[in-house]
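Please examine the sequence and the three-dimensional structure shown here before reading the explanation.

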Amino acid sequence: MTEKYETHEHDVLIIGAGGAGLRAAIEALAQGASVGVVCKSLLGKAHTVMAEGGIAAAMANVDPADDWRTHFRDTMRGGKFLNNWRMAQLHAQEAPERVRELERWGALFDRTSDGEILQRAFGGHTFKRLCHVGDRTGLEMIRTLQDRGVHLGIDVYMECAITRLLKDGERVSGAFGYWREQGRFVVFKAKSIVMATGGIGKAWSITSNSWEYTGDGMALAYDAGAELMDMEFVQFHPTGMVWPPGVQGILVTEAVRGEGGVLRNKDGERFMERYDPEKMELSTRDVVARAIYTEAKEGRGTEHGGAYLDISHKPADYVKKKLPSMYHQFRELADVDITKGPMEVGPTCHYMMGGIRVAAETAQSNVPGLFAAGEAAAGLHGSNRLGGNSLSDLLVFGKRAGFAAAEQAKQVGPGQIEDTQIYEAEREMLSPFERTEGESPYQLHRELQEKMHNLVGIFRSEEDLEQGLAAVRQLKQRSANVQVEGSRLFNPGWHLARDMKSMLTVSEAVTLSALARKESRGAHSRIDYPKYDETWGKQNNIISRDGEEMRLSQSPTSEMPGELKVLLSE
Amino acid sequence: MPDATFKIFRGDRDGGELVEYQVPIAPGMVVLDALHYIQGHQAPDLAVRWNCKAGKCGSCSAEVNGRPRLTCKTRMDALPLDKPITVQPMKSFPVIKDLVTDVSWNYEVNRKIPPFTPRPNVEWKMDQRDVDRVQEFRKCIECFLCQNVCHVLRDHEKQEHFGGPRFFVRIAGLEMHPLDGVSRTKLLKDDLGIGLCNITKCCTEVCPEDIHITDNSIIPLKERVIDDFYDPVRWFLRKLGGKSAASSVE
């Protein structure tokens, strides 16, 4: 039956073409594998392009006292010690070399006075650590990786969406998807697969995430038998735009605070003094997001329910040079000149700490041949991610996943592709066209976003989460009867109908995990359990598939070796 | 709030027509918001490319009232609302469906450009002033609006002989990289036909990143081509110095 379909064969198939996917592709290619990269959008448009602040790496160019140990400690503290310590260690140790490598491939960073890569301060980082290019670091990173990859010879399948992983027994053997342009189906055969599909923010109504962030990788991996971990930890970035309505949620980089921006409430009070007097605006994201939310909820918010973020005390030329895209974003979209007055900001759903459970060294999931890196994977960030640790995560674990996937491909032969799996995948995609009545995927999406925002947001309670879970499960049933209009030619409604399935899977996993964790830690704040709980501090929530049921269990965190424990107590 | 009337191109490679839609206006609304409203309520299969909705990814290019724009940065309150707002796909690229065009040609041009290649034994130190000079070109978000308005491509359809402003900007970013060691002037002259540009600056006018495409990238690159190929003395001097046409990568 596979003859019926356009088929491509690679040693390593990478799903997602952001920082993690491209870095994995470059490494797999360097190991001699043939590599295919599939992405839903055009190459170079992945979410990495929006990363603004910088790449965290203890290069010690600005603060000579910095080293990997301090970066490790900051990352563990930021994640409230739920992080996979081995991932945090590898990340801190390898990030500087990954940044130097990027520079050797042509990335141009801002410089110190003696010509080294300049580093800036960021929340939760003890030292000035973020290598950056103004406030468009992600763009520089993705262009560099994109050009490197293309010139080395990766095959890129743009505007192609994977809807199912194919398996041969326990291992993965390929993927089924469709070309968005024509709606034609396509089969990829691969010896190993790397999930680099990013996050899940599109399940919430106010988000900094692009349309692609629908949790595809996590949901596809879950369907194929992979375990998900730490799904309750969804990061709300403290500073998204709040006004006008059309721009709600668009990110305002933490670099504004890194460069000296201050937060005030409507009374002019610098309220962070009450929440974290030591670190103030550069406290971790979970703390700042809750502070802004609380100020607004208690009646001290701005006109549109946020806080004021002000950088106008710095010279106008400096602001324009260090924060050029923020300057333009506010001038063009909100009629605000940030060199003259404050911005209005509020929390926006931004990043997923949880994801596919992987081994630290190899990025391999519990499904043979299936790997994951970047935001799609869990572990490095624990319960809260520090700003700047995402881009470094993409590089460090993208490379590791690419290496391990290529090694795996050397050791196994090509797997079988079963016709029945392809047939099921095709049925699933075609059925929405065959219904003569059914709901619009857009309507279901709006409802899901609203429910997740109101019931599974920054502050959570048993009652809300129970309601949220019921709502998600009800939407799941309704969404099985979704109807699609038009043809298969570049049809966003059809695409959303499939994306809904992924969003509902991850939304259920988030809500189930959040209900179970009866404590507050990092990004997970339970108003009914406001304190840390020692037992919960030593276990992760694990989500797995049991037939059609979603199963939740707990797994103890692994014991940290003595030499690392010492670092944390310093 | 009143409604706005839109006339949007609906169709594919075989043709199409402008179709009218009514959209309620909200404060601060941009054209992309209106397109999303239409998708969500009236035409679920309306094809639109977009990603970040923040002017950072360059996906949502179209022609609004005949002007090439990023729809995510085109405010409704900056458009006259007493007549319909037309939204059409970029004219210089083949239509796939509705507002989505086939921009794959751009990726083919990019593949011809030799990547950053450091000079041998280079010391990885750079002066901020040298970096600043190049950053402008590296701001490009690949919205391809400059390619869309360039008359060499739009009117004369010289796609096979001309690279277009986007890739002159790209090459400027590589050529002026403080540590780069190869010359791309032969490529500029022969394959990418930089001589065909007669500096009308249409590209600069539409650039959403305010890159001075013509003044800062195309003209200096034209000068480099002239130096390397038409001025024997300067060609010889350059050959002795850093970059030489002889080391061009084909």
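The paragraphs below begin with chain B and then turn to a pair of helices in chain A.

This is a predicted model, in which local features need pLDDT of at least 70, side-chain atom pairs count only at pLDDT 80 or more, and totals for chains, interfaces and linings use all residues. Residues are numbered from 1 along each chain as its sequence is written, while chains are lettered from A and ligands numbered from 1 in the order in which they are written.

Chain B contains 10 helices and 7 strands; helices (H or I, at least four residues) and strands (E, at least two) are DSSP runs, numbered from the N terminus. Its C-alpha atoms fill a box of roughly 65 × 40 × 25 Å along the principal axes. Of the 250 residues of chain B, 46% count as buried; a residue is buried if 20 or more other C-beta atoms, placed from the backbone, lie within 10 Å of its own.

Helix 1 of chain B, residues 31–41, is mostly covered, with 8 of its 11 residues buried. Among the elements that cover these buried residues are strand 1 (3–12), strand 2 (15–24), strand 3 (61–64) and strand 5 (85–88) of chain B.

In chain A, the axes of helix 3 (residues 85–104) and helix 11 (residues 389–411) come within 8 Å and cross at roughly 95 degrees; axes are lines fitted to C-alpha atoms over the stretch in contact, and angles run from 0 to 180 degrees between N-to-C directions. Helix 3 and helix 11 of chain A are therefore roughly perpendicular to each other, a term that covers angles of 65 to 115 degrees.

Terms used:
A residue is buried if 20 or more other C-beta atoms lie within 10 Å of its own, exposed if 12 or fewer, and partly exposed in between; C-beta atoms are placed from the backbone. Two residues are in contact if their C-beta atoms, placed from the backbone, lie within 7 Å. Angles under 35 degrees count as roughly parallel, over 145 as roughly antiparallel, 65 to 115 as roughly perpendicular and the rest as oblique.
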